[in-house]
Amino acid sequence: MPEANKKVQEMFDVVNTELTANLQSYMDSLPVLAARYGRFLEVTKTLNPKSEKRVESSAPLSPLLKRKGSNGFPLEREKSPLTDTPNKAVLAVPPEELLEVAAAEMRANPETMEFFNSFDGVTTSEKLPDIPEDPNLITNMEALSTEAYELRVLLSGICDWIEMQMPAIKDEDNRGVAVQEAVIRHLVHMRGSVQSVNDRQRVYSERLAEYASKYFKAPRAAKQWAKLIIILQHDQWDQLERDWRELRQLVILSGRLLSINMDKLTIPRDQWDQLERDWRELRQLVILSGRLLSINMDKLTIPRDSGHSRMNYM
């Protein structure tokens with residue numbers, strides 16, 4: 001039967017050592033990762049242009065959506081650890097209005113009023129104002145993309161480590177292997193959820209590019225496309241909140257899944273389990289052998305009955 005030579009086995013050992021270090025690093029950094037994602041989430045809540053309107057409305061039903069100022073006090077603007085500059089809402093447009101901006105909202109925000117007044121009399125793309133950008137949004141998206149990529153790499157390495165611990169498949173005693181396969185399925189699902197974060201950012205970039213192209217190609221409808229671009233940016237802030245919250249939950253859930261199953265992941269066929277099965281098998285053998293002897297004792301003691309023998313003779 002073909003077997004791995006010494007050099008191949010050494011390669012297996014090196015890879016297993018690297019993957020074990022990756023797992024240990026992940027388990028050690030779980031509190032740090034959860035806390036960092038939590039801080040990013042709080043920053044995103046504060047920077048979200050819709051946060052002030054949520055504060056003025058009724059309290060959220062879920063405690064996960066609670067933010068500073070949601071108890072009725074005005075939201076205080078803080079410096080963002082992402083940009084180190086005072087944050088502010090850029091061109092705050094009510095999310096429920098897709099193609100019309102309320103006049104009162106425009107008057108309340110000089111930047112919004114100035115931007116939309118610049119469309120008056122514009123008939124060519126050369127005279128269109130530049131599309132407003134939210135630097136905080138771009139910085140936050142870049143940070144989320146980096147964190148999601150690193151988390152996905154960590155989860156992929158953990159799946160590889162579990163596969164390296166799998167023993168030879170046998171007809172019996174595969175309970176530990178079943179645990180390993182179940183954990184891998186859960187981690188692959190989590191890895192897919194992390195990948196979806198980057199996929200959603202790609203979809204947002206594609207839609208933004210499409211709207212910007214139509215903004216410059218149709219000067220007479222540029223004002224409407226500008227409103228859609230602003231609404232798209234504001235909706236992206238909501239998506240960023242959901243993504244940071246999802247990353248934090250995935251880290252916590254994956255850490256718990258690994259910790260409660262670590263014994264089976266490391267040693268799917270434990271020596272103590274084998275001893276337990278051996279003792280159980282010995283007990284069953286004693287019981288079965290005793291029953292076999294007891295129900296056949298008469299035949300074992302007197303295999304040929306004397307009366308039965310005389311009847312046959314006559």
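Glutamine 201 is buried, with a relative accessible area of 10% (buried means under 20% relative accessible area, exposed over 50%, partly exposed in between, with a 1.4 Å probe and protein chains only). This residue sits in helix α7. The model is a predicted one: local features need pLDDT of at least 70, side-chain atom pairs count only at pLDDT 80 or more, and totals for chains, interfaces and linings use all residues. Residues are numbered from 1 along each chain as its sequence is written, and side-chain values use heavy atoms, with hydrogens and water left out.

**Overall build**

- The protein has 12 helices and zero strands. Helices (H or I, at least four residues) and strands (E, at least two) are DSSP runs, numbered from the N terminus.
- Of the 314 residues in the protein, 36% are buried.
- The protein exposes about 19900 Å², and carbon and sulfur atoms supply 57% of that area. Accessible areas come from the Shrake-Rupley method with a 1.4 Å probe; for residues, only the protein chains shown count as cover.
- Take the contacts between residues at least 6 apart in sequence: 76% of them join residues at least 24 apart. Contact means heavy atoms within 4.5 Å.

- Helix α2 covers residues 30-47. At 1.5 Å a residue, its 18 residues should span 26 Å, and its end C-alpha atoms are 26 Å apart, so the two values agree. The expected span is 1.5 Å times one less than the number of residues.
- Buried residues in α2 include Leu30, Leu33, Ala34, Tyr37 and Phe40.
- An α-helix has 3.6 residues a turn, so residues three or four places apart point the same way.
- α1 and α2 pack at an angle of about 55 degrees, with their axes 4 Å apart. That angle makes α1 oblique to α2. Angles under 35 degrees count as roughly parallel, over 145 as roughly antiparallel, 65 to 115 as roughly perpendicular and the rest as oblique. Axes are lines fitted to C-alpha atoms, for helices over the stretch in contact, and angles run from 0 to 180 degrees between N-to-C directions.
- Tyr26, Met27 and Asp28 in α1 meet Leu30, Pro31 and Leu33 in α2.
- Serine 25 is also in α1. It is partly exposed, at 43% relative accessibility. Serine 25 and leucine 154 are 129 residues apart in sequence, yet 9.1 Å apart in space, C-alpha to C-alpha.

**The nonpolar core**

- The largest nonpolar core has 45 residues. Such a core is a set of buried Ala, Val, Leu, Ile, Met, Phe, Trp, Tyr and Cys residues joined through side-chain atoms within 4.5 Å.
- α1, α2, α6, α7 and α8 each supply at least two residues of this core. α8 gives the most, with 13 residues.
- Tyr26, Ile162 and Trp244 are among the residues with the most contacts inside the core.
- Isoleucine 162 touches Gln180, Val183, Ile184, Leu187, Leu258 and Leu265, not counting residues up to four places away in sequence.

**Along helix α7**

- Glutamine 180 lies in α7. At 0% relative accessibility, glutamine 180 counts as buried. Leaving aside neighbours within four places in sequence, its contacts include Ile162, Met166, Lys264 and Pro268.
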